[in-house]
Amino acid sequence: KKLSILNEKVISCRLCPRLVAWREEILKNKPKRFSTESYWSKPVPGFGDPLAELLIVGLAPAAHGGNRTGRIFTGDRSGDFLFDALYRFGYSSSPKSVSRDDRLQLKNVYITASVRCVPPKNKPTPEEIVNCRQYLIEELSILKNLKVILTLGRIAFDNVLTTVKKVAETEGKHFAWEKPSFIHGIEHSLPDGKILIGSFHPSQQNTFTGKLTKSMFDSVFSRISSLLKS
Ligand code: DU
Ligand code: SF4
């Protein structure tokens, strides 16, 4: 319930003028295979199991992926790579996420992004990341069972660290920490006991070049499975 209220708020957000304008540009340049499709063309909310122990944080929706379908990591190659792994590890009812009404269900995982609107060149500005942080803060507070946060890419990793630090500060907890630097497979214990894991992002750029292989990604999910079991 709280999540659906939050998601309604996200969907109507227009805080970042550059991104509101960019989605209009995208509509003018649909690729042929989607030329007759009507695009979601709004902020893309998080999706998944409200009781999740695992939160996955990506970068931002893709122009012809999440921005088209309205579901995060859905309708593009990054999403295909992610949902295939989620299915094989028992988190998704289907290996392929197609659209908001394909009836796919996630179990024990919730997926969100650092920035919920598609940015030009997949590169949000620091200001846009700050604008969108409030929604991640709300998700972190609503998802009561979280034990592990998997971030995809450096931006998501840094954003979660900064977000957790800001939340702690607003609660009057001050702690000095050496900010861990991002490498694939990094595992870092957060002050509240959650475990933060960093993976390379499953973008085509990484998966087609072999920077992130299926077996590297599987290792990350194997590790998460054993963390959640213990
Ligand atoms: O209507 P709802 O049960 O709150 O679900 C909204 C949305 O979230 C639905 O499209 C499926 C997804 N979802 C899920 O993937 N896993 C769950 O355990 C519950 C909901
Ligand atoms: Fe709002 Fe986030 Fe979209 Fe900016 S990126 S307009 S803060 S939903």
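Among contacts in the protein (heavy atoms within 4.5 Å) between residues at least 6 apart in sequence, 70% join residues at least 24 apart. The model is predicted: local features need pLDDT of at least 70, side-chain atom pairs count only at pLDDT 80 or more, and totals for chains, interfaces and linings use all residues. Residues are numbered from 1 along each chain as its sequence is written, chains are lettered from A and ligands numbered from 1 in the order in which they are written, and side-chain values use heavy atoms, with hydrogens and water left out.

**Overall fold**

Eight helices and six strands make up the protein; these are DSSP runs numbered from the N terminus, with helices being H or I of at least four residues and strands E of at least two. Their order along the sequence is α-α-β-β-α-α-β-α-β-α-β-β-α-α. The protein is as compact as a globular protein of its length, because its radius of gyration is 17 Å, close to the 17 Å that the globule rule gives for 230 residues. That radius is taken over C-alpha atoms, and the rule is 2.2 Å times the number of residues to the power 0.38. Along the principal axes, the C-alpha atoms fill a box of roughly 50 × 35 × 35 Å.

The protein exposes about 11500 Å², of which carbon and sulfur atoms supply 54%; the areas come from the Shrake-Rupley method with a 1.4 Å probe, and for residues only the protein chains shown count as cover. Of the 230 residues, 52% count as buried. Buried means under 20% relative accessible area, exposed over 50%, and partly exposed in between (1.4 Å probe, protein chains only).

**Nonpolar core**

The largest nonpolar core has 56 residues, and those with the most contacts inside it are Leu-54, Ile-56, Ile-111, Phe-221 and Ile-224. Helix α8 (residues 214-229) gives the largest share of this core, six residues. Such a core is a set of buried Ala, Val, Leu, Ile, Met, Phe, Trp, Tyr and Cys residues joined through side-chain atoms within 4.5 Å. Leaving out residues up to four places away in sequence, Ile-56 touches Leu-82, Leu-86, Val-109, Tyr-110, Ile-111, Thr-112, Leu-150, Leu-152 and Phe-221.

**Salt bridges and cysteines**

The whole structure holds 15 salt bridges, each a side-chain nitrogen of Lys or Arg within 4 Å of a carboxyl oxygen of Asp or Glu. The table lists some of them.

| Pair | N to O distance |
|---|---|
| Arg-88 and Asp-218 | 2.9 Å |
| Arg-116 and Glu-139 | 2.9 Å |
| Lys-165 and Glu-169 | 3.4 Å |

Arg-88 in helix α4 (residues 77-88) and Asp-218 in helix α8 are 130 residues apart, and their pair links distant parts of the chain. Arg-88 is partly exposed at 36% relative accessibility, whereas Asp-218 is buried at 17%.

Arg-116 lies in the loop between β3 (109-113) and α5 (126-142) and Glu-139 in helix α5, so this pair ties together parts that are 23 residues apart in sequence. Both Arg-116 and Glu-139 are buried.

Lys-165 and Glu-169 both lie in helix α6 (residues 154-170), four residues apart, about one turn of the helix. Lys-165 is partly exposed, with a relative accessible area of 28%, and Glu-169 is partly exposed, with 34%. Elsewhere, salt bridges that share partners join Asp-84, Arg-88, Lys-214 and Asp-218 into one network.

A search for disulfides (pairs of cysteine sulfur atoms within 2.5 Å) finds zero. Cys-16 is buried at 11% relative accessibility, and Cys-117 is buried with a relative accessible area of 12%.
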